[in-house]
Amino acid sequence: MGCDIHLFKEYRSPDIHNNKWISYDHWYSEGTEMGRAFDDSAPSRNYDAFGMLAEGVRGEYPYSVECKGLPDDVTHLVRTEHKSWGVDAHSVTYFTEVELNALIIRLSIMTADDTVNRQKAYLHHMLQYMNQIPFEFHIEESTEKRIVFWFDN
């Protein structure tokens with residue numbers, strides 16, 4: 001059975017929406033159904049990266065990151081999506097843009113092998129994905145961004 005990652009993008013600005021986090025994924029609503037639209041630009045399955053991003057998910061490294069859980073201030077849309085997965089959603093965590101960059105720097109000073117190179121490439125892909133901002137959103141460069149994610153089996 002495979003393990004997949006489910007990533008959600010959020011931002012907040014001190015000047016907008018009372019400093020609350022806002023989802024900038026594409027969402028849809030059909031009748032009583034609501035969900036996030038599929039985005040094939042999102043990073044997909046990479047077990048080397050999973051073990052680094054969330055300790056114990058398909059691997060573990062001395063530098064694996066412990067999961068932080070769902071943020072208390074996560075957007076309603078992401079909280080609802082997470083809840084809909086029930087027990088299948090595991091190892092919930094999140095990274096800010098600053099934290100992702102710090103992890104890339106940490107990996108960059110390590111002796112690079114194929115695994116570390118794949119992990120760094122995945123983190124760069126996550127940053128690229130985080131910075132894909134739909135045309136309907138105007139997000140200032142100084143705005144704080146984070147990516148909330150979990151895994152399923």
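Predicted model: local features only at pLDDT ≥ 70, side-chain atom pairs only at ≥ 80, totals over all residues.
View 1. K145 lies in strand β6 (residues 144-152); strands are DSSP runs of E, at least two residues, numbered from the N terminus. K145 is buried, at 7% relative accessible area (buried: under 20%, 1.4 Å probe, protein chains only).

**View 2. F8 and W27 stack.** Their ring centres lie 6.0 Å apart, with 20° between the planes. Rings of Phe, Tyr and Trp (its six-membered ring) pair if their centres lie within 6.5 Å, and planes under 30 degrees apart count as stacked. F8 sits in strand β1 (residues 4-12) and W27 in strand β3 (residues 27-30), 19 residues apart. F8 is buried, at 1%.

**View 3. Y61 and Y63 also form a stacked pair.** Y63 is buried, at 9%.

**View 4. Two charged ends sit over rings.** R58 lies over Y47, 4.9 Å from the ring centre. K68 lies over Y94, at 4.2 Å. The criterion is NZ of Lys or CZ of Arg within 6 Å of the ring centre and within 35 degrees of the ring normal.

**Notes.** Residues are numbered from 1 along each chain as its sequence is written, and side-chain values use heavy atoms, without hydrogens and water. Local features need pLDDT of at least 70, side-chain atom pairs count only at pLDDT 80 or more, and totals for chains, interfaces and linings use all residues.

Note on methods. Phe/Tyr/Trp six-rings, centres within 6.5 Å; stacked < 30°, edge-to-face > 60°. Helix = DSSP H or I, 4+ residues; strand = E, 2+ residues; numbered from the N terminus. Buried < 20%, exposed > 50% of the residue type's maximum accessible area, 1.4 Å probe, protein only.
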